[in-house]
Amino acid sequence: LNRFYSICESSSPLKMESVLRSHRFKGASVTIPHKENVLPLMDTLTDAATKIGAVNTVVRQTDGSYLGDNTDWIGIRNLLQSALPKKEGLKGLVVGAGGT
């Protein structure tokens with residue numbers, strides 16, 4: 001693939017939008033504080049991004065549209081599943097105070 005991955009640090013949503021709209025843009029990892037700011041720039045959201053209300057992965061589709069996804073939950077789930085004992089009857093676990 002003729003692609004590169006670079007850092008684009010800015011607190012400006014306008015800068016973020018200009019990078020996304022660049023003809024060279026194909027995808028990005030989005031970090032706090034922009035996980036929520038990027039939502040209006042997406043054409044489509046995955047179920048995970050919709051339910052979580054934040055995007056950490058942006059993919060430019062072949063038709064030029066932008067797909068927003070959130071994959072944070074997968075890493076969190078996998079870590080918890082590997083670290084927690086298997087207990088019969090365990091219904092749920094609340095960890096942290098949000099911010100994903």
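## Basis

This is a predicted model in which local features need pLDDT of at least 70 and side-chain atom pairs count only at pLDDT 80 or more, while totals for chains, interfaces and linings use all residues. Residues are numbered from 1 along each chain as its sequence is written, and side-chain values use heavy atoms, leaving out hydrogens and water.

## Sheet

Four strands make up an open sheet of mixed pairing, ordered E1-E3-E4-E2. Strands E1 (27–29) and E2 (44–45) are at the edges with a single partner strand each, so one side of each has no neighbour in the sheet. Strands are DSSP runs (E, at least two residues), as are helices (H or I, at least four), numbered from the N terminus; two strands pair if DSSP finds at least two bridges between them.

E1 pairs with E3 (residues 57–60) in the antiparallel sense over three bridges. Within this pairing, Gly 27 stands opposite Val 59 in E3.

## Aromatic pair

The whole structure contains one aromatic pair (ring centres within 6.5 Å, taking the six-membered ring of Trp; planes under 30 degrees apart are stacked, over 60 edge-to-face, the rest tilted). Phe 25 and Tyr 66 form this tilted pair, at 6.0 Å centre to centre and 45° between the planes. Phe 25 lies in the loop between helix H1 (13–20) and E1, and Tyr 66 in strand E4 (residues 66–69), so the pair ties together parts 41 residues apart in sequence.

## Ser 65

Ser 65 is located in the loop between E3 and E4. Its relative accessibility is 17%, so Ser 65 counts as buried (under 20% relative accessible area; exposed is over 50%, partly exposed in between; 1.4 Å probe, protein chains only). Beyond four places in sequence, Ser 65 touches Asp 43, Val 59 and Arg 60 (heavy atoms within 4.5 Å).
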